[in-house]
4 protein chains.
Amino acid sequence: MTNQLASARGVFAIAATPFRDDGRLDTAGIDRLTDFYVACGVDGLTILGIMGEAPKLEPEESLAVIRQALGRTRLPVIVGVSASGFAAMHRLARESMDLGAAGVMIAPPSHLRSDDQILAYYAQAVEAIGMDVPFVIQDYPLALSVIMSPRVIRTIVQNHASCAMVKHEDWPGLDKITQLKAFMAEGSMRPVSILCGNGALFLDFEMERGASGAMTGYAFPELLVDVVRLQRDGRRDAAHDLFDAHLPLIRYEQQPGIGLAVRKYVLKKRGIIASDAQRKPGSSLTGTSRAEVDYLLARLARHDKRAAI
Amino acid sequence: MTNQLASARGVFAIAATPFRDDGRLDTAGIDRLTDFYVACGVDGLTILGIMGEAPKLEPEESLAVIRQALGRTRLPVIVGVSASGFAAMHRLARESMDLGAAGVMIAPPSHLRSDDQILAYYAQAVEAIGMDVPFVIQDYPLALSVIMSPRVIRTIVQNHASCAMVKHEDWPGLDKITQLKAFMAEGSMRPVSILCGNGALFLDFEMERGASGAMTGYAFPELLVDVVRLQRDGRRDAAHDLFDAHLPLIRYEQQPGIGLAVRKYVLKKRGIIASDAQRKPGSSLTGTSRAEVDYLLARLARHDKRAAI
Amino acid sequence: MTNQLASARGVFAIAATPFRDDGRLDTAGIDRLTDFYVACGVDGLTILGIMGEAPKLEPEESLAVIRQALGRTRLPVIVGVSASGFAAMHRLARESMDLGAAGVMIAPPSHLRSDDQILAYYAQAVEAIGMDVPFVIQDYPLALSVIMSPRVIRTIVQNHASCAMVKHEDWPGLDKITQLKAFMAEGSMRPVSILCGNGALFLDFEMERGASGAMTGYAFPELLVDVVRLQRDGRRDAAHDLFDAHLPLIRYEQQPGIGLAVRKYVLKKRGIIASDAQRKPGSSLTGTSRAEVDYLLARLARHDKRAAI
Amino acid sequence: MTNQLASARGVFAIAATPFRDDGRLDTAGIDRLTDFYVACGVDGLTILGIMGEAPKLEPEESLAVIRQALGRTRLPVIVGVSASGFAAMHRLARESMDLGAAGVMIAPPSHLRSDDQILAYYAQAVEAIGMDVPFVIQDYPLALSVIMSPRVIRTIVQNHASCAMVKHEDWPGLDKITQLKAFMAEGSMRPVSILCGNGALFLDFEMERGASGAMTGYAFPELLVDVVRLQRDGRRDAAHDLFDAHLPLIRYEQQPGIGLAVRKYVLKKRGIIASDAQRKPGSSLTGTSRAEVDYLLARLARHDKRAAI
């Protein structure tokens, strides 16, 4: 299983978690959302990530989300299991794997600073989830405040055979991809998959630096699929042309705090989810912001008909 | 119920959570620990706080802890309900109150910065737990990285009738107590209880500044009870004499990261808990550190026979 | 003088500080750079900001930069005077004003958290520079880690008649502009100028929200001038068309850490500065990064001939 | 010179910087203060540290402080040269050494996180000050927010022959001393001096862990000298007895933010400095706080006549 994820290429969509307007989990809506991602041509799903509002779910709700998604698709599914204690992480990871997940994703807690602290944390996490569970390192300093140098990532990969993937969303991060690929090329680091997040803000160049693909939740997963494919096929200009058409919206969606509100608003507008409600503490869009997104969609539709909603 | 907590004076012990050596919850041990606190003369208990390793418990374990403690004592019990989502906070608060808790304690999440963010968070939290549930503001910048000015605390108290208490552990914090008491004296802030934490490092002077008492987990709760009583009785020198005898150990126990290990080590040595195990991620004492604590206990025993273990 | 800045509209270019390859200040190069900004049609200059590498200059070098820039243009010049002590801030502000500066810019030190701390800091700063010196609040949480709510900004403006401008670079920040403009509209906040920074990443919409203009250092100040003018003239689509053509490069330049290296690389390539050297600690571009910027410039040149270098 | 500092033992007093009530530097007062430290039996001085309000001084004032102190004593003097740019650090280090300093102290800037960032910073700093200038690593996470693991400190020591000393003030930090001493014992780390700061809050045990002495600014440097000497002479109980008598005041003085105000208040009360004024932004003591310090001094005087002021 580790090998499968370690060689993953393409796009893993970070799935939103659909709620009803009253805040209840929209379990049935997960089916529709999952179908949508599959129809977009993604290669896998990641559920219960930061953007999936995982910390706001009760344990049984998390299980329901996992069960629903895994029951709906045969694509590999990665489950975010970051938790403040290893007991909860252990349980969620075990349940996920028992239900058929392809692996789990672990974000470092934001108080970690030194390399030793980070390495110790991942060692404890691997002990907690079990050495047989493939896991993804989430490297997201902007949201998590933890700085993992390329050497630290390499050490985690080398220390733990079950480390299969890096969710790369350092910022700036292009040279980091180059460095990690150089480690792999020289043989000092076992090959793992590098999927890029950070709202896809640099996906155009990330693919050129050697990334394996994307793992983010942009409301047009089709764009991620297209850019990854075009870059793979060596069609650089075409990849950038399409990416640039989406960049104004990508940029708007990547704003901390309100990004998820933009994403859910667009997904709802596209008819994929029934409500754009977030659990509290959440964010929402003002009327002006919604009008700005509408304007961006209208402009985008001139280049990409899929945005004509 | 609010009024009861709002006028609370004395000592609320922050209860450790006893585990077995293998990490399982020592439910029966909670009875022994609760009896110990009661025998020390405390006026209440606080369970599932930071020092109670609350984030490392599964939801059903948290419930077990609450049920066990509330079933063992008629003293008022405050339950820490800080959580990353309001759904979990709501449930834990409701269950706690249904089981007979006197109130709940809410720590601000560490990403909060501006006054508006802090006020909005407590407003959402109150909405989540219900306006009828008495709650305690935990003001602990050293651990939580959130700075609450006296005016912000006052606004929370004034905005929410269910706010009953401040767990004061700002550092430095003596002038903050003075300021809060001045607000109460001038009538601009409703009277609430101010119980002091921060390992009791400044309890001697905090009482002189007008604090209502202590809420911390020092391994000799008797000392807290004595100092609070002596200061209340106006026996300033006696209070300081006793406090100073304990200060070398208090100082040693208040170290971030390893403080809980010191506390559990002493509690075990005193025969109160069967194991000093912590759930991961936890801390432990080296042999040298244990020897240092032993030395401090031996020195303390010359002044306070209760330390002769 | 306050009134002049408080009603400023248009573009203030954040000036880079040119060094020679050996790290010495390129004083003569300041003339050429100043001439360039003026030729771009900017309405003012800001020197010795974060992007001007101000903390890396010796005091006499800072003076030399101020003297050179003020001797070269009659446009209003704002001088960054942020310093770790008020003695240095006082001196730099006084010298700047004596030499003819239009005002000074003050960034809050990154340890400030609560509203009270921020307000106290600006009160002390105003006392240090003198109540007659027009000043700009720099609101840049991404770089400075200080969160200033709209109400805090309003209080600073109301408390200090010499506050003339907000350099707005909160992120996300569109609704903040709307809020500040609403305060001004309802009369609860004195009108001040709002110039937007953050690398111009949201300049398209910031103008629509009511911003007075831009204050940032994008390597094509002409773009800032054009977008601000087009939005003022009500030519929304044209503004976005031009902005979107630049967005891929704007996005690349806005990366923390290496943004200044991109900016200096482009300015050198455009023939405006002789060297793209930064003082240490600084950043530099790898060959791959330079090639990426070249590629972005080539793509941009299809839409904007000024990028055909 | 490196060797001299690398083998330093005993007490280096962190010198306060005396100002007049109006904020001007009290140059003559430096002589009196220096004489006092020498009379206390210290083995060296450290000037222009955090507690010396270095960032609030103009460059020529810093030079005046250095000149005055070095002109008054033949003891080794370490000069704090931490600065936001390497140009300023270079100049201050060079001037200090030219005037006869024994070495310089460098604190890491607070944005550093990963080991690589820390190592790169010290490499750049050594390049800036020159490989011939002995330097001290300041390891003070509580104030600086930078976490340096023992391995990182070892790497800095091994990478730079001019690294002579660690100012140890991690908290908790006892096991860190043990680890560093173990590195030295096993030969993996060149022997350097370890002098302990953090207000002396753990000096009693730090000496037992193998520290070389103290480097802090407690207002009774005699206590530091005595404790270090007693511990060296193997008189453990006597060391603790004396230390414990001072601990209530040490604890009071170590409070972040107001610690320097306490220190200057006591030094003034002892007749060592003429004014307890701090440059802005500074802290001051309320009347209640001064009375608390007076009370602590009176209590201390029962055990240590030097506190009878």
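This is a chat about a protein model, its chains, one contact between chains, and some local details.

User: What kind of model is this, and how are residues numbered?
Analyst: It is a predicted model, where local features need pLDDT of at least 70, side-chain atom pairs count only at pLDDT 80 or more, and totals for chains, interfaces and linings use all residues. Residues are numbered from 1 along each chain as its sequence is written, chains are lettered from A and ligands numbered from 1 in the order in which they are written, and side-chain values use heavy atoms, with hydrogens and water left out.

User: Ok, chain A. How many helices and strands?
Analyst: Chain A has 13 helices and eight strands. Both are DSSP runs, numbered from the N terminus: helices are H or I with at least four residues, strands are E with at least two.

User: What is its radius of gyration, and what would a compact globule have?
Analyst: Chain A has 18 Å. A compact globule of 309 residues would have a value near 19 Å, so the two agree. The radius is taken over C-alpha atoms, and the globule rule is 2.2 Å times the number of residues to the power 0.38. Along its principal axes, the C-alpha trace of chain A spans about 50 × 45 × 35 Å.

User: How much of chain A is buried?
Analyst: Buried residues make up 65% of its 309 residues. Buried means under 20% relative accessible area, exposed means over 50%, and partly exposed is in between (1.4 Å probe, protein chains only).

User: What about contacts along the sequence in chain A?
Analyst: Take contacts between residues at least 6 apart in sequence: 73% of them join residues at least 24 apart. A contact means heavy atoms within 4.5 Å.

User: New topic. How many residues does each side bring where chain C meets chain A?
Analyst: Chain C gives 33 residues and chain A gives 33 residues. The buried area between them is about 3000 Å², and carbon and sulfur atoms give 58% of that. Buried area is the accessible area (1.4 Å probe) that two parts lose on being put together, summed over both.

User: Which residues of chain C lose the most area?
Analyst: W171(C), R251(C) and Y295(C) lose the most to chain A. Together they make 22% of what that side buries.

User: How many salt bridges and polar contacts there?
Analyst: Ten salt bridges lie between chain C and chain A. A salt bridge is a side-chain nitrogen of Lys or Arg within 4 Å of a carboxyl oxygen of Asp or Glu. One of them pairs R209(A) with E292(C), at 2.6 Å from N to O.

User: What about phi of A200(A) and E53(C)?
Analyst: A200(A) has a positive phi near 75°. It is in the loop between β7 (193–196) and α9 (203–208) of chain A. E53(C) has a positive phi near 55°, and lies in the loop between β2 (44–47) and α3 (59–72) of chain C.

User: Why do they stand out?
Analyst: Most residues other than glycine have a negative phi, and most peptide bonds are trans.
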